[in-house]
Amino acid sequence: MIDCFIPLVNEKDFNATRHELEQCALVSHIYPIGIDKPQSSATMKWIGETTEANYTLLYTKGSPLKLGLFALERMVQLAEDSQAGMVYADHYQLKEGKQIAAPVIDYQKGALRDDFDFGSVMLFKTSALKAATERMKSEYQYAGLYDLRLKLSQTEKLVHINEYLYTEVETDIRKSGEKQFDYVDPRNRSRQIEMEQACTEHLKEIGGYLKPCFTPIDFDQEQFEYEASVIIPVRNRIRTIRDAIHSVLKQQCNFKFNLIIIDNHSTDGTSEAIDEFKADERVIHIIPERNDLGIGGCWNMGVHHPKCGKFAIQLDSDDVYKDEHTLSIMVRAFYEQQCGMVVGTYMMTDFEMKMLPPGIIDHREWTPENGRNNALRINGLGAPRAFYTPLLRQIKVPNTSYGEDYALGLRFSRRYQIGRVYDVVYLCRRWEGNSDAALDIAKTNANNLYKDRIRTWELEARIQLNKEQQA
């Protein structure tokens with residue numbers, strides 16, 4: 001019932017995986033995949049043309065695979081019961097000799113990021129696989145498998161089996177905070193271009209693509225005492241809050257600005273550190289009466305403060321502005337680019353402001369022509385972020401402490417142009433105190449599930465918007 005396709009990285013590991021698969025009576029044929037372009041369009045089409053069994057198994061790792069007891073039987077059973085085009089499962093990983101649980105998450109319409117983790121074993125209904133490969137239009141070196149599963153998702157269910165069915169060897173032992181910037185590493189640029197092309201084609205096919213036409217903005221619709229406000233939500237950042245405040249107060253601008261700090265009930269001396277600046281009338285220190293606010297909720301308090309300026313500019317309590325010109329550069333971009341939101345460029349540094357790999361993060365994938373569509377694929381939009389306050393007050397920030405900025409970027413870009421600043425204006429400090437420096441698998445999955453849900457909501461809204469405009 002199953003034809004299997006596995007990478008031939010070396011004979012020893014290939015033979016070990018082949019022997020494991022041969023123990024299952026359901027396996028018909030086992031084919032090696034060359035390692036030169038294992039996820040290319042040509043490879044995916046070859047698999048579609050070669051496979052003949054009812055189901056097709058694709059294993060994506062070169063290391064030996066260990067199947068659980070009756071694992072393939074269970075995958076076939078559930079594929080038939082659910083009528084899925086593809087099934088994938090929770091599993092175990094061997095990391096540095098230790099077996100750990102590696103659960104994955106449910107696939108949904110907005111799970112468009114190209115690094116969605118299916119695990120290394122995917123079982124396809126062969127008829128669905130063949131139909132999907134026949135609809136593949138482009139030739140990719142890197143995005144073939146991504147293109148395949150997008151095509152598959154247009155007509156078939158991709159079903160997550162919440163059972164631990166196999167063990168894979170995991171060689172990437174980096175912490176979550178080290179992995180999360182792979183997609184903006186300049187060394188991966190050619191791969192990212194292909195992924196964007198595949199995603200854009202998919203959006204066009206499902207009615208979620210937005211043309212580069214934007215709603216104009218009138219910056220004089222309201223009067224503000226201040227031209228700009230820097231917003232800093234903070235809780236227990238005694239080591240960094242003074243640096244953040246100093247980097248704001250030294251800004252040189254030809255307009256009035258202030259700093260609104262929403263101190264979310266700090267207990268480590270952060271509140272007292274903020275009070276050291278109370279003699280400066282530009283500093284507004286808010287301690288909310290509420291105790292149910294995430295980062296997004298703190299942003300809402302700051303933006304709706306009567307002293308908030310026309311433009312609200314982000315600064316995380318861990319980070320600092322690069323120099324005294326950041327605020328002027330960000331505000332100027334609004335007028336020059338006629339946009340509702342501006343995203344800058346930042347540099348990764350350690351706690352002592354020394355550059356860390358991958359260095360400068362400029363998010364070149366955000367283009368005026370296609371940035372709003374590609375935003376549904378990538379996992380972040382860059383920093384610092386700045387917003388036209390009347391629009392932000394209308395849209396409001398999700399009251400979460402993860403993904404709230406990403407949700408805003410998607411929501412703003414649905415109708416408004418997103419301006420870009422490609423000069424480094426922000427230093428993003430990575431240190432052991434960062435909240436996402438070393439997340440466990442449960443937290444990582446929860447974060448990814450939420451961002452995929454944000455994408456799903458936004459994608460559904462864009463599909464509906466296109467229908468309304470075409471009516």
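View 1. Trp46 is partly exposed, at 32% relative accessible area; partly exposed covers the range between buried (under 20%) and exposed (over 50%), with a 1.4 Å probe and protein chains only. This is a predicted model, in which local features need pLDDT of at least 70, side-chain atom pairs count only at pLDDT 80 or more, and totals for chains, interfaces and linings use all residues. Residues are numbered from 1 along each chain as its sequence is written, and side-chain values use heavy atoms, with hydrogens and water left out.

The whole structure holds 20 aromatic pairs. Rings of Phe, Tyr and Trp (its six-membered ring) pair if their centres lie within 6.5 Å; planes under 30 degrees apart are stacked, over 60 edge-to-face, and the rest tilted. Tyr31 and Trp46 pair edge-to-face, with 6.4 Å centre to centre and 85° between the planes. The pair links distant parts of the chain, 15 residues apart: Tyr31 lies in strand β2 (residues 27–33) and Trp46 in helix α2 (residues 41–50). Helices (H or I, at least four residues) and strands (E, at least two) are DSSP runs, numbered from the N terminus.

View 2. Tyr107 and Phe116 form an edge-to-face pair, 5.2 Å centre to centre with 75° between the planes. Tyr107 is buried at 14% relative accessible area. Phe116 is buried at 6%. Gln108 sits in the loop between β6 (98–102) and β7 (121–125). Gln108 counts as buried because its relative accessibility is 16%. Its side chain makes a polar contact of 2.9 Å with the side chain of Thr456. A polar contact is a pair of N or O atoms within 3.5 Å; within protein, one must be able to donate a hydrogen and the other to accept it, and residues adjacent in sequence count only if both atoms are side-chain atoms. Beyond residues up to four places away in sequence, Gln108 touches Leu449, Asp452, Arg453 and Thr456; contact means heavy atoms within 4.5 Å.

**View 3. His91 in strand β5.** His91 belongs to strand β5 (residues 86–95). It is buried, at 0% relative accessibility. The His91 side chain makes a polar contact with the side chain of Tyr166 at 3.3 Å. Another polar contact, of 3.3 Å, joins the side chains of His91 and Glu168. Residues touching His91 include Ile100, Val104, Gly119 and Tyr164.

**View 4. Thr389 in helix α13.** Thr389 is in helix α13 (residues 389–395). At 0% relative accessibility, the residue is buried. Phe224 is 165 residues away in sequence, yet 9.8 Å from Thr389 in space, C-alpha to C-alpha. Among the contacts of Thr389 are Phe224, Val303, Cys308 and Phe311. A polar atom of the Thr389 side chain lies 2.7 Å from the backbone oxygen of Gly309.

**View 5. Helices α14 and α15.** Helix α14 (residues 404–413) packs against helix α15 (residues 441–470) at about 10°, with axes 10 Å apart. Axes are lines fitted to C-alpha atoms, for helices over the stretch in contact; angles run from 0 to 180 degrees between N-to-C directions. Tyr406, Ala407, Leu410, Arg411 and Ser413 of α14 meet Lys451, Ile454, Arg455, Glu458 and Arg462 of α15.
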